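Student: Please take a close look at the nonpolar core of this model and what surrounds it. I would like one connected account.

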Amino acid sequence: MLHYLGRRASYSVISILGLLTLVFFLTRLTGDPSALYLPLDSTPEARAAFAHLNGLDQPVYIQFWNYLSDLLRLDFGESMRQHRSAMAVALEAFPQTLKLAFVAMLLSTGLAIVVGSLAAARPRGLFDRIASVVSLAGASAPDFWVAIVAILVFAVGMEVLPTSGTGGWEYWVMPIFVLMLRPFGLLVQVVRGTMLSSLASPYIKTARAKGLSRHAVVFGHALRNSLLPVITVAGDLATSLINGAVIVESVFGWPGIGKLMIDSIIQRDFAVVQSTILVTATAIFLLNILIDLLYAVLDPRVRY
Amino acid sequence: MKRAGIYSLVSAALMAVAAGPALAQGGSHDVRIVLPEQPANLEPCGSIVTNVGQVLNQNVTEPLTVIDAKTGKPEPKLATGWEQIDADTWRLKLRQGVKFHDGADFNAKAVAYSIERMTGGKLTCNNMAKFGNAKLTVKPVDDYTVEIKSDRPQPILPTLLSVVMVVSPNTPADKAVNDPVGTGPFKLTTFTPQTVVLDPFDGYWGKKPVVTKATYVWRQESSIRAAMVETGEADLTPSIAIQDASNPKTDFAYLNSETTAIRIDLAQPPLNDVRIRKALNLAIDWDGLGQLFGDDIQRASQMVVPGIIGHDDKLQPWKYDAAQAKKLVAAAKADGVKVDTEIKLIGRNGIYPNGAEAMEAMMTMWRSAGLNVKLVMLDVADWVRYLQKPYPAERGATLLQMMHDNNKGDAAFTIPIFYRSSGQYSVLNDPALDKEIDAAMAASGQAREDGFKKLFDKMRNEVVPDIPMFHMLGYTRVGNRLNWKPDITTNSEIPLANIQFKN
């Protein structure tokens with residue numbers, strides 16, 4: 001196991017370094033930041049001074065060398081927009097996204113497992129049909145539209161929830177609801193499909209022949225064997241949430257890493273772009289390790 | 001028993017939900033302002049950036065002078081008076097009895113420090129753009145008198161000083177700050193990724209504002225900002241989209257000092273023919289186009305809004321005359337002008353609401369007039385290449401969508417940039433015109449105003465280097481409990497001292 005973890009970690013470090021190199025050069029291709037940071041009527045001298053202050057007047061390969069040297073000293077650079085450590089900016093935003101993603105994934109996965117299993121227990125029954133319609137609608141509804149409609153209904157119309165922002169539990173309701181919709185919809189479909197396949201297996205027939213209750217058969221035997229594909233899909237969905245729920249963060253004013261990353265790309269805040277990508281890439285690497293470990297827990301045949 | 005327990009839980013949850021979110025309303029005089037964007041930083045030297053200025057200007061930090069929104073003239077703030085010693089030098093009398101939030105004294109040395117911090121080149125200072133390349137030296141004469149000398153004549157230095165935010169001498173000179181210390185009626189308490197909070201400064205030299213606390217939050221979506229004011233979560237938002245300004249009781253339109261226009265690259269054929277440039281102005285159905293920007297929109301005849309020194313109220317905007325436009329194009333064609341040369345209309349994505357739609361409509365109208373106009377929409381980084389010198393060599397005939405903001409009270413912030421040969425956005429190269437501009441810039445009082453008016457007249461009627469479109473409107477939503485109206489300065493500052501309460 002330790003050997004496996006070590007091997008995964010070394011591969012991930014190489015991948016992350018490759019990613020950072022790519023991001024470094026791609027961000028430099030987006031153009032000169034002074035066009036965005038200085039007023040349009042700034043003088044060429046002011047632009048030259050800005051480039052010098054931020055080390056942008058040096059050849060790109062020298063900038064890259066400086067970046068790598070700083071990286072070794074854990075100096076991730078300074079945000080040109082916010083005038084403070086780029087890594088501090090990224091680490092301040094990341095927990096906000098992580099909390100949102102964790103709660104949304106926990107609720108949507110838990111709910112999807114229950115709904116998908118019950119739907120598969122009686123295929124083409126009323127519950128199965130309702131679950132299919134709701135999950136398909138959830139998977140295909142545009143986040144942006146759902147978020148705005150939710151605000152109009154619950155905040156402006158009924159005045160029972162705040163429009164946006166962060167604070168007590170009431171501020172979590174709408175962002176979580178909107179964020180859950182797509183994972184819930186997709187996971188219900190996946191759970192239903194894998195459960196139908198498991199329920200048709202010979203070992204289920206044996207379990208039924210032994211006289212086990214329907215609940216014990218569905219949740220005790222079939223579900224456990226159906227969870228591997230569910231975890232694969234859930235892991236993929238969680239990865240996209242960790243990368244940032246940009247739309248939800250933008251609409252609800254949630255100060256997460258997704259919006260920060262997009263804003264930094266638009267504003268050419270190179271150090272912050274690099275830091276946010278480093279943070280999310282590391283988080284995704286850890287998540288993938290966790291998923292691999294879960295495989296081993298759920299399926300005794302999987303060994304590392 | 002079990003069921004009763006569940007009912008109790010559900011009832012409690014419903015009651016908690018019904019209690020609703022915390023609202024901005026109430027008996028207190030705390031205000032909550034929702035901005036469109038998070039201030040990236042709170043460096044006073046960058047306070048010409050809208051969302052920084054709307055928090056800091058005249059709240060946390062104060063300038064030496066302020067511009068009167070109605071007259072466009074400089075008024076005293078931390079400087080109480082000024083006189084011009086010679087063409088390059090001004091002497092300022094400073095207000096006495098003023099303290100910074102950190103207890104430091106406001107005096108001539110503090111002013112010298114603030115200006116040297118701005119001009120020292122150790123930090124990026126956006127506000128310095130208003131001074132161009134001028135080198136300023138500041139000499140304290142006594143504790144409350146300073147002399148400011150420039151390396152070139154500065155007839156409107158008091159106006160320019162409205163962008164000099166005076167900071168405590170304890171502010172680092174070599175790095176930008178996010179915790180500004182000024183002399184304003186409010187001091188910064190909190191700046192986080194979610195909020196900025198300002199609390200009153202007890203040692204303020206002036207009249208105590210009615211507002212007892214200001215909390216700034218930011219939401220990118222206009223509809224969310226509007227909803228926040230409607231539900232009472234915020235008291236005002238300085239900017240909402242026209243489609244969200246649907247409540248006449250709370251939503252106010254105001255002239256926001258921005259003028260939209262198309263710049264004509266008159267060095268390139270066929271745009272080097274004045275008949276084509278006039279035809280471009282005549283071919284637009286301005287009333288129809290104005291529908292894109294709302295009923296209250298104002299047509300522009302020049303690149304500054306009314307109220308700016310140099311604006312000529314008598315100058316008429318171009319009228320729509322498609323037949324005359326076609327005639328001018330035909331006459332130019334008859335004289336050998338290649339009117340079928342492709343003209344690139346360069347638009348900028350997101351420059352202002354409905355900006356792309358306006359470009360589509362204008363391209364169609366110009367084509368109807370017989371010109372071969374092709375629209376290219378660019379993002380800001382690419383668009384800037386066409387806006388500023390040096391222009392791309394291979395650009396060909398171009399028309400450039402642009403928007404100019406002059407809220408500094410004087411056409412000096414417009415005319416040399418657009419019309420002087422050395423101007424950063426200029427497509428003109430006329431030494432005689434440069435002399436006229438220099439003369440107007442060096443003049444003061446009525447001669448200055450008349451000089452600028454004459455130049456705008458010349459541009460409108462003889463040179464025609466641009467197509468002024470509209471003086472733009474901003475829309476704000478103001479909550480029911482506030483007594484506050486936006487004005488031309490709202491884009492750059494929201495002084496909390498100007499906010500009153502209805503009850």
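Tutor: In this predicted model, the largest nonpolar core holds 120 residues, and those with the most contacts inside it are Leu187(A), Leu241(A), Ile33(B) and Val166(B). Helix H8 of chain A, residues 170-199, gives the most to this core, with 13 residues. A second, separate core has 64 residues, with Ala283(B), Val373(B), Leu400(B) and Phe470(B) among them.

At 1.5 Å a residue, H8(A) should span 44 Å, and its end C-alpha atoms are 40 Å apart, which agrees. The helix bends by about 35° at Leu181(A), and a proline, Pro183(A), follows within four residues.

As for the chain that carries this helix, chain A has 13 helices and zero strands. Its C-alpha atoms fill a box of roughly 85 × 55 × 30 Å along the principal axes. Buried residues make up 38% of its 304 residues. Among the contacts in chain A with a separation of 6 or more, 71% are between residues 24 or more positions apart.

Strand E1 of chain B, residues 30-35, is one of the elements against which the buried residues of H5(B) pack. The others are strand E13 (236-237) and strand E19 (466-478) of chain B, together with H7 and H11 of chain A. H5(B) covers residues 222-231 and is mostly covered itself, with nine of its 10 residues buried. Those buried include Ile224(B), Met228(B) and Val229(B), but also Arg225(B) and Glu230(B). After the helix comes Gly232(B), whose phi is positive, near 90°.

Turning to the interface, 39 residues of chain A are in contact with 37 residues of chain B. On the chain A side, the elements that give two or more residues are helix H2 (34-37), helix H3 (44-53), helix H5 (86-121), helix H7 (143-157) and helix H11 (246-251). H3(A) supplies the largest share of that side, five residues. By class, the side of chain A that touches chain B has 20 nonpolar, 12 polar and seven charged residues.

Ala412(B) sits in the loop between strand E18 (398-405) and helix H11 (415-419). With 24 other C-beta atoms within 10 Å, Ala412(B) is buried. Not counting residues up to four places away in sequence, Ala412(B) touches Ile156(B) and Met441(B).

Two residues other than glycine have a positive phi. Gln58(B), with phi of about 65°, lies in the loop between helix H2 (50-56) and strand E2 (62-63) of chain B. It has 24 C-beta neighbours inside 10 Å and therefore counts as buried. Val464(B), with phi near 50°, is in the loop between helix H13 (445-463) and E19 of chain B. With 21 C-beta neighbours inside 10 Å, Val464(B) counts as buried.

There are also cis peptide bonds to note. One joins Pro269(B) and Pro270(B), with omega about 0°, and Pro270(B) is found in the loop between strand E14 (251-264) and helix H6 (274-282) of chain B. Another joins Lys389(B) and Pro390(B), with omega about -5°. Pro390(B) lies in the loop between helix H10 (380-387) and E18 of chain B.

Finally, confidence. The mean pLDDT of chain B is 90, and 94% of its residues reach 70 or more. Over residues 9-20 of chain B, pLDDT stays under 50, and the model has four contacts beyond four places in sequence for this stretch. Where pLDDT is low, predicted coordinates should not be read in detail. The model scores ipTM 0.78 and pTM 0.81.

Methods
Residues numbered from 1 in each chain as written. Chains lettered and ligands numbered in written order. Predicted model: local features only at pLDDT ≥ 70, side-chain atom pairs only at ≥ 80, totals over all residues. Core = buried A, V, L, I, M, F, W, Y, C linked by C-beta atoms within 7 Å. Buried ≥ 20, exposed ≤ 12 C-beta atoms within 10 Å, placed from the backbone. Expected span 1.5 Å × (residues − 1). Bend = angle between axes of the 7 residues up to and from the residue. Contact = placed C-beta atoms within 7 Å. Nonpolar A, V, L, I, M, F, W, Y, C, P; charged D, E, K, R; others polar. pLDDT = per-residue confidence, 0-100.
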